[in-house]
Amino acid sequence: MSDEAIDKLIKAGRIAKTVREEAARIVKPGMKLYDLAEHVEKRIKELGGEPAFPTNLSINEVAAHYTPLIGDKLTVPDNAVIKIDIGVHVDGYIADTATTVSFNPVYESLLEATRKALESALAILKPGIRAKDIGYVIESTIERYGYKPIKNLTGHSIDRYIIHSGKSIPNFNDIFSRWKLEDGVYAIEPFATNGVGLVKEGDIATIYSIRKKRGRLTIYEKKLFDRIWSERRTLPFCERWYKDLFSSVDGLRNTIKMLERHGVLISYPILIERGGGVVAQFEHTIIISNDEVIVTTL
Ligand code: MN
Ligand code: MN
């Protein structure tokens, strides 16, 4: 990895850490999710980064992939457990980090289990470690607290402009994950729950990305497509970021829907714990380079 790449990864990580900590400090029951997401994304830009994906604000049994819609009235419920998952990129070099805040003391130990799982995983990291061995440490830590890891959510390798670049780091001792972490960028993200330990897709999607360029679009579809492509390439986006482009929200939503129907966009449905359990998540991004491990978001 070049020095320039490492510098930009570290800068993205520092911004992501700062904004994650700020968000965790200001989030309160009654706060609009919309305002929190907009604040996070504004701060990322003020500090010299760009959002690598829309701020994920996922509450209780929703594990991931909720970002507020235009006009979203949702607020942080009393007693909520809220995951704040933040992505920053600097020139395509990505930091991906998450924290969980609980307003219900009952779930403190769930948060503690997940936080410790991530700490324990970071503690055993070294170049050449097998992905399954990270999973083993995560699983055994979470189980020691009496909870379950979510087995169908994983950490992942990261490339420039690509958040999930193909390799998965399991949250359990998965015998099929024998591959070794060599030079590269990775996100490690344990999820724990008091439910069954699996997520399913929900009925709504709030996050999208471009899947392929394709012709034969209407004027409105092309206008939206060109703007997204120029700003995001294949990085994820949400409707909030394009509300100025259409005279009505319905116009924007219909155009997104049509682009999805054409196969130009893919959507990422919200992910919900199958047993309705409450979910906690902590996440850091690491660089492995020259026999060294750097945690960029710590
Ligand atoms: Mn994340
Ligand atoms: Mn991630």
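This is a predicted model: local features need pLDDT of at least 70, side-chain atom pairs count only at pLDDT 80 or more; totals for chains, interfaces and linings use all residues.
Student: How many of the ten residues of strand 1 are buried?

Tutor: Strand 1 covers residues 50–59. The strand is mostly covered. The count of buried residues is nine.

Student: Is Ser58 buried or exposed?

Tutor: Ser58 lies in strand 1. Among the residues it touches are Ala63, Tyr66 and Ile82. Buried means under 20% relative accessible area. Ser58 has a relative accessible area of 1%, so the word is buried.

Student: Which residues give the protein donors of the manganese ion (ligand 1)?

Tutor: The donors lie 2.1 to 2.4 Å from the ion. They follow the spacing D-x10-D-x186-E along the chain.

Student: Which residue bridges the manganese ion (ligand 1) and the manganese ion (ligand 2)?

Tutor: The two ions lie 3.2 Å apart. The residue that bridges them is Asp96.

Student: How far apart in sequence are the parts that Asp85 and Asp96 tie together?

Tutor: Both Asp85 and Asp96 are buried. Asp85 lies in strand 3 (residues 81–90), and Asp96 in strand 4 (residues 93–102). The pair therefore ties together parts whose separation in sequence is eleven residues.

Student: What word describes how helix 5 and helix 6 lie to each other?

Tutor: Helix 5 (residues 219–232) and helix 6 (residues 249–261) pack with their axes 10 Å apart. Their angle is about 85 degrees. Angles of 65 to 115 degrees count as roughly perpendicular. Helix 5 and helix 6 are therefore roughly perpendicular.

Student: How many residues of the contact of helix 5 with helix 6 are nonpolar?

Tutor: Helix 5 brings Tyr220, Glu221, Leu224 and Phe225. Helix 6 brings Leu252, Thr255, Ile256, Met258 and Leu259. One residue of the contact is polar and one is charged, while the nonpolar ones number seven.

Student: How does Asp133 count by its relative accessibility: buried, partly exposed or exposed?

Tutor: Asp133 has its place in helix 4 (residues 131–144). Buried needs under 20%, and exposed needs over 50%. The value for Asp133 is 31%, so it counts as partly exposed.

Student: How far apart in space are Asp133 and Gln281, C-alpha to C-alpha?

Tutor: In sequence, Asp133 and Gln281 are 148 residues apart. In space, C-alpha to C-alpha, the distance is 19 Å.

Methods: Residues are numbered from 1 along each chain as its sequence is written. Chains are lettered from A and ligands numbered from 1 in the order in which they are written. Side-chain values use heavy atoms; hydrogens and water are left out. Donors are N, O and S atoms within 2.8 Å of the metal (3.2 Å for Na, K and Ca); water is not among the atoms, so sites may look incomplete. Helices (H or I, at least four residues) and strands (E, at least two) are DSSP runs, numbered from the N terminus. Buried means under 20% relative accessible area, exposed over 50%, partly exposed in between (1.4 Å probe, protein chains only). Axes are lines fitted to C-alpha atoms, for helices over the stretch in contact, and angles run from 0 to 180 degrees between N-to-C directions. Angles under 35 degrees count as roughly parallel, over 145 as roughly antiparallel, 65 to 115 as roughly perpendicular and the rest as oblique. Contact means heavy atoms within 4.5 Å. Ala, Val, Leu, Ile, Met, Phe, Trp, Tyr, Cys and Pro count as nonpolar, Asp, Glu, Lys and Arg as charged, and the others, Gly among them, as polar. Lists of a residue's contacts leave out its neighbours within four places in sequence.
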